[in-house]
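Thanks for coming. Let me put the structure up, and then I'll walk through it.

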Amino acid sequence: MTTSTALAVTDIHMSYGDLRAVDGVSFEVAEGEFFGILGPNGAGKTTTLEIAEGLREPDSGTVRLLGEAPWPRNLALLPKIGVQLQASAFFEKLTAREQLETFGALYGVTSARVDEMLELVGLSDKASTPEAKLSGGQRQRLSIACALVHDPDIVFLDEPTAALDPQARRNLWDVLREVQARGKTIVYTTHYLDEAEVLCDRVAIMDRGRILAMDAPARLVRDLEAATRVILERGALAPDLARALPGADQVAQDEVSLTISTRTPAPLLAALAEHGTLDGLQVRTATLEDVFLELTGREYRA
Ligand SMILES: Nc1ncnc2c1ncn2[C@@H]1O[C@H](COP(=O)(O)OP(=O)(O)OP(=O)(O)O)[C@@H](O)[C@H]1O
């Protein structure tokens, strides 16, 4: 473990009865890194996160968080870590500001800091709104503000974007990027692979208690060496003509589109340009969902 390692998890195991929820998980997160633990429901993400942040004791394995053991409860660590749980618990009837002030009071946080946090998560205009009257996305942002109010070095977020509509999810992405820009280490879980691909420096793909792959999303996708798909409107080009184009490895047509798979997109796109068929064309490269399929043999279902 180097000095810039914020979190080191080594060979943790956790069973619930016969179920191996976490089955030999190891990873390290560097200071300032945005690290994602991805996987479908039940993969073991929450259990892994709770062990890493010191909320659960593993059956075996070790965790070093900011150089210390988080379990048994390590009071010295608490001011340095921020934790947002999957189901956020707020105090009843308090406004957004009062919620933050209450959490902040535990750490002697100033009201200027509370204002700054409301601003960070875009809730300044909702400061006086009771928590119960906030939308789902606003409530999630408030719970992130609560996890950050005491200015921790590392923040753990468990599915912060679950159950949000696409716009609210994107708003939250901006908040998370800003948190990272402030130098925080972020460890978060999600079952949205597309989201992790745009947000995370590195991801661990988990399934059935194990990490199947871990790397920068772009590298995981590139290592697949999957074909690029070029998609045209049906009728834009005859399938036989498409098959004869340079770089066209496979051609498939359905009721709406003609899809050409290629490992050499440049000559194919040049040829399509010569045929005047670039209008409405889409180019799709592999994604983390393709990586999951390759690793597990199953389509990804969150
Ligand atoms: N307290 C518990 N008692 C018994 N089984 C549990 C307990 N907590 C989790 N499990 C089981 O352990 C497995 C891993 O659960 P975990 O919550 O860690 O997964 P997850 O990847 O976070 O899933 P989700 O996205 O649904 O939260 C699941 O099969 C779950 O049902």
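Glu-225 sits in the loop between α7 (217–224) and β10 (228–233). Helices (H or I, at least four residues) and strands (E, at least two) are DSSP runs, numbered from the N terminus. Two words on the source. This is a predicted model: local features need pLDDT of at least 70, side-chain atom pairs count only at pLDDT 80 or more, and totals for chains, interfaces and linings use all residues. Residues are numbered from 1 along each chain as its sequence is written.

Back to Glu-225. Its phi is positive, about 50°, although Glu-225 is not a glycine. Most residues other than glycine have a negative phi, and most peptide bonds are trans. Is Glu-225 buried or exposed? Glu-225 is exposed, because 8 other C-beta atoms lie within 10 Å. The cut-offs: buried means 20 or more other C-beta atoms within 10 Å of the residue's own, exposed means 12 or fewer, and partly exposed is in between, with C-beta atoms placed from the backbone.

Asp-151 also has a positive phi, about 60°, and is not a glycine. Asp-151 lies in the loop between α4 and β6 (154–158). With 16 other C-beta atoms within 10 Å, Asp-151 is partly exposed.

Next backbone feature: a cis peptide bond. It joins Trp-71 and Pro-72, with omega about -5°. Pro-72 is placed in the loop between β4 (60–65) and β5 (81–84).

Now the domains. There is domain 1 (5–222) and domain 2 (227–285). The bounds come from an automatic or database domain assignment. How far apart are the centres of domain 1 and domain 2? Taken over C-alpha atoms, 42 Å.

On to helix packing. Two packed helices are described by the angle between their axes and the distance between the axes. Axes here are lines fitted to C-alpha atoms, for helices over the stretch in contact, and angles run from 0 to 180 degrees between N-to-C directions.

First pair on my list: helix α2 (residues 96–105) and helix α4 (residues 136–148). Their angle is about 25°, and their axes are 9 Å apart. So α2 is roughly parallel to α4. Angles under 35 degrees count as roughly parallel, over 145 as roughly antiparallel, 65 to 115 as roughly perpendicular and the rest as oblique. The crossing of α2 past α4 is right-handed. Handedness goes like this: left-handed if the near helix is turned anticlockwise from the far one by less than a right angle, right-handed if clockwise.

Which residues make the contact? From α2: Ala-96, Gln-99, Leu-100 and Phe-103. From α4: Leu-142, Ala-145 and Cys-146. Contact means that the C-beta atoms of two residues, placed from the backbone, lie within 7 Å. By class, the contact of α2 with α4 has 6 nonpolar residues, 1 polar and no charged. Ala, Val, Leu, Ile, Met, Phe, Trp, Tyr, Cys and Pro count as nonpolar, Asp, Glu, Lys and Arg as charged, and the others, Gly among them, as polar.

Next pair: α4 with helix α5 (residues 166–181). The angle is about 15°, with the axes 9 Å apart. That makes α4 roughly parallel to α5. The crossing of α4 and α5 is right-handed. On the α4 side, the contact uses Gly-136, Gly-137, Gln-140, Arg-141, Ile-144 and Leu-148. On the α5 side, Ala-168, Asn-171, Leu-172, Val-175 and Val-179. The contact of α4 with α5 divides into 6 nonpolar, 4 polar and 1 charged.

Ile-12 is in strand β1 (residues 5–16). Ile-12 counts as buried, because it has 23 C-beta neighbours inside 10 Å. Leaving aside neighbours within four places in sequence, Ile-12 contacts Val-22, Val-25, Ile-51, Pro-58, Gly-61 and Val-63. Val-63 is 51 residues away along the chain, yet the two C-alpha atoms are 8.1 Å apart.

Thr-48 is in helix α1 (residues 45–52). With 28 C-beta neighbours inside 10 Å, Thr-48 is buried. With the four-place exclusion again, Thr-48 contacts Val-22, Val-25 and Ile-37.

Last one: Pro-267, in helix α9 (residues 265–274). Pro-267 is partly exposed, with 13 C-beta neighbours inside 10 Å. Beyond four places in sequence, Pro-267 touches Pro-246 and Gly-247. The C-alpha atoms of Pro-267 and Pro-246 are 6.1 Å apart, at 21 residues along the chain.
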